[in-house]
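Please read these notes with the model open beside you.

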Amino acid sequence: MKMELSKHNIISKIKDSEDYFIVNPLSRNADILDPETAEAILSGTSANIDELAGKGYLVDPAEEEKRFRAEYLDFLDSREDDEIQIFYAPTYACNFNCPYCYQEGYDKEKMQQDEAVIKAFFNYVETEFAGKRKYITVFGGEPLLPDTITRKKIGLIIDEANRLGLSLAFVTNGYSLVSYIPMLKGGSIREVQITLDGPAEIHNSRRPLQGGGETFDEIVAGIDAALEAGLAVNLRAVIDKENLPSLPELARIAVERGWTSNPLFKTQLGRNYELHYCQENAVRLYDRLSMYEALYSLIKEHPVVTEFHRPAFSISRFLFDNGEMPDPLFDSCPGCKTEWAFDYSGRIFSCTATVGKPGESLGTFYPQKTLVQDAVEAWQDRDVTTIPECKTCNLRLACGGGCASAAKNKSGEINSPDCRPVDGLMSLGLSLYFGNAEESTAE
Ligand code: SF4
Ligand code: SF4
């Protein structure tokens with residue numbers, strides 16, 4: 001039997017260390033290697049053949065291919081049972097942009113149209129996703145605008161979700177959240193995602209009301225009130241070079257207000273890449289790896305940041321928290337598989353990246369049901385077994401092929417790669433999590 005190094009080995013140096021790591025997402029093994037051992041593996045001169053073979057770092061290629069196929073079939077099977085996240089955008093308007101303009105456009109007739117669309121949406125969900133586990137995420141624009149017509153719409157959405165026994169999540173800027181809490185408590189609310197981009201001064205400069213009004217205090221009050229009411233809060237900070245340095249201060253605010261010790265509170269960091277249309281702002285944007293490099297340095301200097309948010313650094317955090325590898329990632333894009341997006345105009349899209357974008361609609365649920373099957377299949381077929389570049393990439397089962405929409409924006413094709421620097425991320429994350437663990441054990 002001819003043994004070779006596995007095509008799925010990821011070997012790289014650990015940041016700020018002499019050591020290396022070897023990770024194999026197919027055999028689900030991971031080890032830290034001293035430089036000599038790493039060199040021996042890479043040059044094929046290692047004497048530990050049995051150990052390397054036992055961990056799937058050294059393989060019979062035909063056997064490995066069989067294992068890959070079997071794992072892929074398991075992955076497809078288990079995805080059948082996955083819960084589906086269905087987004088609904090009742091508006092694209094936002095009071096952080098143009099509230100008067102938005103409210104002017106609404107009249108009684110518009111509300112009747114909205115009611116018919118919302119009911120059609122829930123009927124569509126009931127029939128087309130029958131038998132599937134699912135929940136609805138309401139987003140926009142800003143879904144929780146303070147006017148009466150919007151409140152009626154949200155009330156109807158909650159009633160319809162209750163009728164079908166579905167839970168709801170809301171993605172909101174948080175500005176009017178306090179006044180919505182009694183209404184939200186009438187539904188089964190899974191979480192409220194709120195964006196806060198830093199401490200008051202930074203946040204207010206980045207996310208003001210149109211006309212310059214500040215928003216930080218209202219949002220903080222909304223987070224306090226939501227937690228107090230027993231609603232789960234997912235706090236999102238959208239990060240670029242301008243606000244990353246203020247993350248330790250935001251973390252301290254979250255600690256001091258008792259958010260981080262509340263089990264209903266969690267966080268996520270988004271990378272700001274939407275401003276790339278604007279040349280002036282482009283200098284403040286990070287690419288994916290450089291943002292995590294900056295975050296790594298920031299956490300080293302200000303460990304309080306990890307009380308607020310523990311970045312995944314690819315599989316690093318999972319490995320540290322669970323003591324084992326995650327399942328191989330054959331696909332990192334849920335669009336048209338376990339994620340769909342619908343909007344108030346009656347159109348259907350793959351996900352939040354494409355919703356509302358001209359040319360991206362995949363069908364309609366109102367006034368009649370239509371679906372462009374070819375386009376949907378192109379989304380559904382995309383994974384690391386179909387994207388040509390991914391088929392031979394050693395990172396594929398940790399990367400999953402990235403985001404289909406980002407890939408299409410770059411190449412014009414859905415079935416193209418959106419590469420994730422998973423080896424670089426692991427280099428940082430393994431150093432951060434396992435480096436700290438060793439230090440704390442030694443103390
Ligand atoms: S296209 Fe991108 S944003 Fe949309 S579901 Fe896929 S990974 Fe997510
Ligand atoms: S998207 Fe790029 S990095 Fe990811 S598996 Fe495909 S080729 Fe590899």
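1. D343 is buried, with a relative accessible area of 0%; buried means under 20%, exposed over 50% and partly exposed in between, for a 1.4 Å probe and protein chains only. D343 forms a salt bridge with R347, their closest N and O atoms being 3.1 Å apart. R347 counts as partly exposed, at 27%. A salt bridge here is a side-chain nitrogen of Lys or Arg within 4 Å of a carboxyl oxygen of Asp or Glu.

2. This is a predicted model, in which local features need pLDDT of at least 70, side-chain atom pairs count only at pLDDT 80 or more, and totals for chains, interfaces and linings use all residues. Residues are numbered from 1 along each chain as its sequence is written, chains are lettered from A and ligands numbered from 1 in the order in which they are written, and side-chain values use heavy atoms, leaving out hydrogens and water.

3. The structure holds 25 salt bridges. One of them joins E51 and K55 (4.0 Å, N to O). E51 is partly exposed at 48% relative accessibility, and K55 is partly exposed at 23%.

4. D197, R206, D240 and E242 are linked in a network of salt bridges.

5. How are the residues that line the second largest pocket divided into nonpolar, polar and charged? The lining has 10 nonpolar, three polar and six charged residues. Nonpolar covers Ala, Val, Leu, Ile, Met, Phe, Trp, Tyr, Cys and Pro, charged covers Asp, Glu, Lys and Arg, and the others, Gly among them, are polar.
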